[in-house]
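Hi,

Here is the structure I promised to pass on.

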Amino acid sequence: MPTRRRSWAEPWKIKMVEPLKMLTADERKAAIEGAGCNTFLLRSEDVYIDLLTDSGTSAMSDRQWAGMMLGDEAYAGSRNYYHLEDAVRDVYGYKHLIPTHQGRAAEHMISRLLIEEGDFVPGNMYFTTTRLHQEMAGATFVDVIIDEAHQPDLMHPFKGNVDLDKFQALIDEVGAEKIPYISDATTVNMCGGQPISLENLRQVSELAHANGILVIHDMTRVAENALLIKEREPGQADRSMEEIVRDICDLTDGCTMSSKKDHLVNIGGFLAVNDDALADKARNMVVIYEGLHTYGGMSGRDMEALSIGIYESIQYDHIHARVGQVHYLGNKIADEGIPIMKPIGTHGVFLDAKRFLPHLDQDEFPAQALAAELYVESGVRAMERGNVSAGRNPDTGENRRPALELVRLTIPRRVYTQAHMDVVAESVMEIWDKRESIGGLEFTYEPEYLRFFQARFRPKC
Ligand code: F0G
């Protein structure tokens with residue numbers, strides 16, 4: 001008897017739909033021109049399949065929506081805050097919770113609380129907002145990720161890992177007293193959603209703590225990282241998501257969290273720490289920028305949906321299907337010989353724009369140009385993650401020209417089906433076939449901070 005194929009499908013069914021609009025090619029061309037060739041400046045109703053980000057774009061479950069009805073909108077001491085505190089302690093084990101409206105507010109606070117002018121903060125590759133808050137607090141960010149992370153075609157199971165020699169070299173060079181903390185992210189967004197291994201985090205934690213350096217965990221996509229630890233790290237296959245996530249958190253001293261990703265909510269986040277004195281300072285600071293320490297920037301109903309999302313994020317069926325969908329899309333594109341960041345990560349597929357458009361110089365912004373072209377081709381909205389996102393070196397004023405020049409096709413959680421993924425893959429194939437006709441871009445407007453969000457471009461003549 002031949003073995004029959006057994007397909008698997010999304011582990012949810014659709015209860016409510018949001019119709020999509022599809023513009024004509026001419027309308028899309030006019031829309032991207034109006035947006036200065038920046039997909040961030042498009043109106044979302046002009047987008048067919050929106051893969052700009054997985055941040056705040058997930059579909060909440062029926063349970064989360066039910067939770068929205070249970071919001072206790074008291075200014076102080078909302079019951080939903082206590083549910084959130086219980087969930088954070090139960091799943092992640094951090095002692096103190098300081099709620100915020102989203103991740104960057106937590107980054108702002110931890111940077112201001114721990115960094116002094118002239119300090120250095122090592123990290124496993126930069127993230128845009130994280131590094132900017134560190135720099136604004138007076139620190140220099142130092143990338144200590146392994147070299148493999150910067151090479152898109154190289155296979156490595158844990159490309160997010162910290163290079164311990166680089167971390168040690170920084171300690172030797174500037175002295176541990178100039179390093180308040182190391183920032184370790186699960187997963188690493190800017191190199192394709194690459195995971196770290198538990199073993200590496202254990203070593204990082206030992207080295208940091210032996211030198212009096214804290215480990216601050218950017219746990220935006222910790223459940224996705226934990227799944228890849230389960231699948232790839234020796235000895236982890238039979239362990240539960242709960243156990244692996246908890247091990248990760250136990251090796252760190254605190255976290256910043258953008259709940260708009262793993263936690264399946266449209267807004268929310270928090271800072272969580274174990275140290276009592278640090279927590280007191282953070283609670284004192286949160287009232288200045290976010291709101292009282294029992295709501296941060298969130299309403300009671302937001303906190304309830306978030307508490308439920310924490311538990312849903314570590315359900316194996318959910319996370320397995322979520323990452324499986326990303327891999328389905330990535331394999332379909334890679335099978336055509338189209339260059340993507342390898343191995344395929346967890347929250348999106350990253351096209352390698354340097355190899356896609358080798359005729360463009362990096363200062364002609366190949367990834368930005370490719371994202372604009374993809375939109376014109378099919379109404380699929382992606383995001384640049386390359387020279388525009390990396391910004392300018394504050395000392396020289398030059399574009400940073402990072403090794404990775406990527407277009408991110410980011411998959412929202414529980415929103416699109418496999419058929420949408422097929423359309424996306426086919427659209428990428430169409431522009432691959434006409435890649436030689438795609439030209440570069442130049443700035444017409446360049447904001448000072450986080451320029452990728454609001455910059456405008458025109459085709460370079
Ligand atoms: N850290 C990582 C790794 C992130 O991916 C993000 C956001 C943040 C921190 C900041 O969180 O947006 O809630 O303030 N990433 C989004 C993205 C914006 O599209 O990758 P936030």
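Which residues does Phe-365 touch, not counting residues up to four places away in sequence? They are Asn-387, Val-388, Asn-399, Glu-405, Leu-441, Phe-443, Arg-451 and Phe-457, where contact means heavy atoms within 4.5 Å.

Before the rest, some housekeeping. This is a predicted model, in which local features need pLDDT of at least 70 and side-chain atom pairs count only at pLDDT 80 or more, while totals for chains, interfaces and linings use all residues. Residues are numbered from 1 along each chain as its sequence is written, and side-chain values use heavy atoms, with hydrogens and water left out.

Back to Phe-365. You'll find this residue in the loop between helix H13 (353-356) and helix H14 (366-378). Helices (H or I, at least four residues) and strands (E, at least two) are DSSP runs, numbered from the N terminus. Phe-365 counts as buried because its relative accessibility is 3%; buried means under 20% relative accessible area, exposed over 50%, and partly exposed in between (1.4 Å probe, protein chains only). Its phi is near 55°, a positive value in a residue other than glycine. Val-142 sits 223 residues from Phe-365 along the chain, and their C-alpha atoms are separated by 24 Å.

Arg-414 is another non-glycine residue with a positive phi, about 65°. Look for Arg-414 in the loop between strand S12 (406-410) and helix H16 (418-433). With 16% relative accessibility, Arg-414 counts as buried.

Now Glu-384, in strand S11 (residues 383-385). Is Glu-384 buried or exposed? Buried, because its relative accessibility is 4%. Leaving aside neighbours within four places in sequence, Glu-384 is in contact with Ala-367, Gln-368, Ser-389, Glu-405 and Leu-406. Glu-405 is also one of the residues that Phe-365 touches. From Glu-384 to Ala-371 is 13 residues in sequence and 6.5 Å in space, C-alpha to C-alpha.

On to the cores. A nonpolar core is a set of buried Ala, Val, Leu, Ile, Met, Phe, Trp, Tyr and Cys residues joined through side-chain atoms within 4.5 Å. The largest one has 56 residues, and those with the most contacts inside it are Tyr-92, Phe-167, Met-219 and Phe-270. Helix H8 (residues 222-232) gives this core its largest share, six residues. Phe-167 is in contact with Pro-122, Val-144, Val-162, Ile-182, Val-204, Leu-207, Ala-208 and Ile-213, neighbours within four places in sequence aside. Another core lies apart from the largest one and has 50 residues, among them Phe-356, Val-376, Val-407 and Ile-411.

How many of the eleven residues of H8 are buried? Nine, so H8 is mostly covered. The buried ones are Val-222, Ala-223, Glu-224, Asn-225, Ala-226, Leu-227, Leu-228, Ile-229 and Lys-230. What covers them includes H7, strand S6 (214-218), helix H9 (241-250), H11 and H12.

H11 (residues 300-313) also pairs with helix H3 (residues 79-91): their axes come within 8 Å and cross at roughly 20°. The axes are lines fitted to C-alpha atoms, for helices over the stretch in contact, and angles run from 0 to 180 degrees between N-to-C directions. That makes H3 roughly parallel to H11 (angles under 35 degrees count as roughly parallel, over 145 as roughly antiparallel, 65 to 115 as roughly perpendicular and the rest as oblique). On the H3 side, the residues making the contact include Tyr-81, Leu-84, Ala-87 and Val-88, and on the H11 side they include Met-303, Leu-306, Ile-310 and Tyr-311. The contact residues divide into nine nonpolar, four polar and four charged; here Ala, Val, Leu, Ile, Met, Phe, Trp, Tyr, Cys and Pro count as nonpolar, Asp, Glu, Lys and Arg as charged, and the others, Gly among them, as polar.

Two peptide bonds to check in your viewer: a cis bond joins Thr-186 and Thr-187, with omega about -15°, and a cis bond joins Lys-342 and Pro-343, with omega about -10°. Thr-187 is in the loop between strand S5 (181-185) and helix H7 (198-210), and Pro-343 is in the loop between helix H12 (316-334) and strand S9 (348-352).

Cheers
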